[in-house]
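Student: I am new to this structure and would like to learn how to read it. Could we walk through a few features together?

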Amino acid sequence: QLFHGLRTTAPSSPATNEKRVGLAPKGVEEMRKCMRGRHSYTLACAVSICLASLFARARSPPPPCSLPAWPGEEVVSSWEHHGSRERCFCAYAALAAHAQPGTPRLRELEESCPRWADFVSLDGGHSATMVHASGAFAVALGSTSGNASERKYGYVPDWAADLGSGYGEDCDVSRDPRCEAVGAHVLSLPRRLYVADCCSRPDAARGDATVVAARRPGPQPGPSLADLIASDAASACGLLQDLVAGGLRQVRRLDAFGSCAAENEEPTAASGCLAQCFHVVPDVWYLHLHTTAGAKDIRAAQPYNAGLGPSFNASEASDPATAFGRYNACVCEPRAWAAAGRGRGSCPEARPSDAAYPAEAAHALCRNVAGASGVDPRLCHACRPPASTYLNPRPARSRGVFDV
């Protein structure tokens with residue numbers, strides 16, 4: 001792959017290749033020697049670049065994440081892929097919304113996440129990224145515009161979502177020469193404090209004996225959102241509102257979508273709904289909210305935990321470690337989910353495009369996470385929008401949040 005990348009890019013433009021393959025500085029030096037003709041332009045040249053880069057990386061580990069509550073290197077390196085995905089998330093969180101190439105922040109991003117251009121760049125690593133600050137506490141990964149020349153939709157690919165080019169695939173110009181995604185998939189991350197996941201509470205005493213939060217394998221990564229709700233609900237509410245709002249801003253035609261509210265209702269073009277969810281058992285140990293709307297297709301929930309809405313995997317209905325098959329904690333959940341934990345089954349009354357939605361959504365999501373993790377949902381009153389009436393009792397056909 002490295003050799004192919006060298007052969008298909010003009011020798012006069014090495015910077016694009018440096019970012020594409022994520023070379024360490026020593027590897028970049030070797031690449032430039034090749035470009036200047038000091039080595040024969042052969043497979044041997046590519047091998048020398050690769051070896052130089054690998055040895056340089058072995059001597060120079062990536063800089064640690066500077067976020068408060070980030071765990072030690074022993075914990076991070078024990079994660080899958082040696083924590084590379086979590087390191088990248090931390091690096092994205094540190095990146096300003098419109099950082100320019102050559103700035104210290106972009107150089108730090110290169111050091112912490114060598115392949116950043118493959119995931120959050122819209123122009124091959126030059127200046128356009130899909131990293132956007134959201135309020136004081138969050139950052140969103142996604143963009144309403146893509147770039148066909150770079151084969152980018154502007155959204156984060158996901159194994160569960162087909163945005164027009166197949167599950168987990170980015171832009172395919174042979175299918176859509178304009179490279180415009182069918183729907184949207186955005187990730188929102190905390191940017192002021194490291195939070196590991198939504199719902200783990202391995203050492204907490206639970207008020208509801210039927211609720212057991214997700215069990216973390218191996219060393220404990222750090223505080224969860226549930227921990228933050230229990231210790232500082234006001235801060236959790238501020239974070240949740242910024243996570244929610246950050247995802248919404250990057251969804252095209254937002255006013256076309258309501259909330260996915262029925263069990264197994266997925267955020268597809270056919271359903272016409274939007275979902276904002278955490279995975280109860282995450283694939284990356286860095287809290288991230290999925291905002292998905294209008295996708296061409298979403299993988300079915302069974303027999304995998306694949307959906308991006310209020311999905312139910314009946315094969316895990318008796319497993320408390322996966323929230324009894326309700327493996328996503330979402331902004332809007334079916335009322336029947338209240339049986340799986342006090343607080344669950346909450347849903348905002350406002351539509352995602354309404355001004356009232358972010359505050360209502362933060363409150364509902366707080367309650368649903370509390371219900372999935374055994375935290376007292378009454379703590380989420382700190383998120384309650386001022387002068388709100390949507391918590392008041394109403395006829396059964398309404399879908400607002402209710403106190404329980």
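**Aromatic rings and a pocket**

Tutor: Let us begin with two tryptophans: W70 and W79 are both buried, where buried means under 20% relative accessible area, exposed over 50% and partly exposed in between, with a 1.4 Å probe and protein chains only. This is a predicted model, in which local features need pLDDT of at least 70 and side-chain atom pairs count only at pLDDT 80 or more, while totals for chains, interfaces and linings use all residues. Residues are numbered from 1 along each chain as its sequence is written, and side-chain values use heavy atoms, leaving out hydrogens and water.

Student: How are W70 and W79 arranged as an aromatic pair?

Tutor: Rings of Phe, Tyr and Trp (its six-membered ring) pair if their centres lie within 6.5 Å; planes under 30 degrees apart count as stacked, over 60 as edge-to-face and the rest as tilted. Here W70 and W79 are edge-to-face, with 6.1 Å from centre to centre and 85° between the planes. Another edge-to-face pair is Y194 with Y286, at 5.5 Å and 75°.

Student: Which parts does the pair of Y194 and Y286 tie together?

Tutor: Helices (H or I, at least four residues) and strands (E, at least two) are DSSP runs, numbered from the N terminus. Y194 lies in the loop between β4 (184-190) and α9 (225-231), and Y286 in the loop between β6 (273-279) and β7 (289-293), so the pair links parts that are 92 residues apart in sequence. Both tyrosines, Y194 and Y286, are buried.

Student: Which residues form one aromatic cluster?

Tutor: The cluster consists of W70, W79, F89, Y92, Y194 and Y286.

Student: Over which rings does the charged end of R299 sit?

Tutor: A charge sits over a ring if NZ of Lys or CZ of Arg is within 6 Å of the ring centre and within 35 degrees of the ring normal. For R299, one such ring is W159, 4.2 Å from its centre, and another is Y167, at 4.3 Å.

Student: What lines the second largest pocket?

Tutor: A pocket is an open set of points on a 1 Å grid over the protein atoms alone, where a 1.4 Å probe fits, with protein on both sides within 12 Å along at least five of seven lines; lining residues have an atom within 4 Å of a point. This pocket is lined by 18 residues, with S66, C90, A91, A94 and E108 nearest its centre. Helix α6 gives the most to the lining, five residues.
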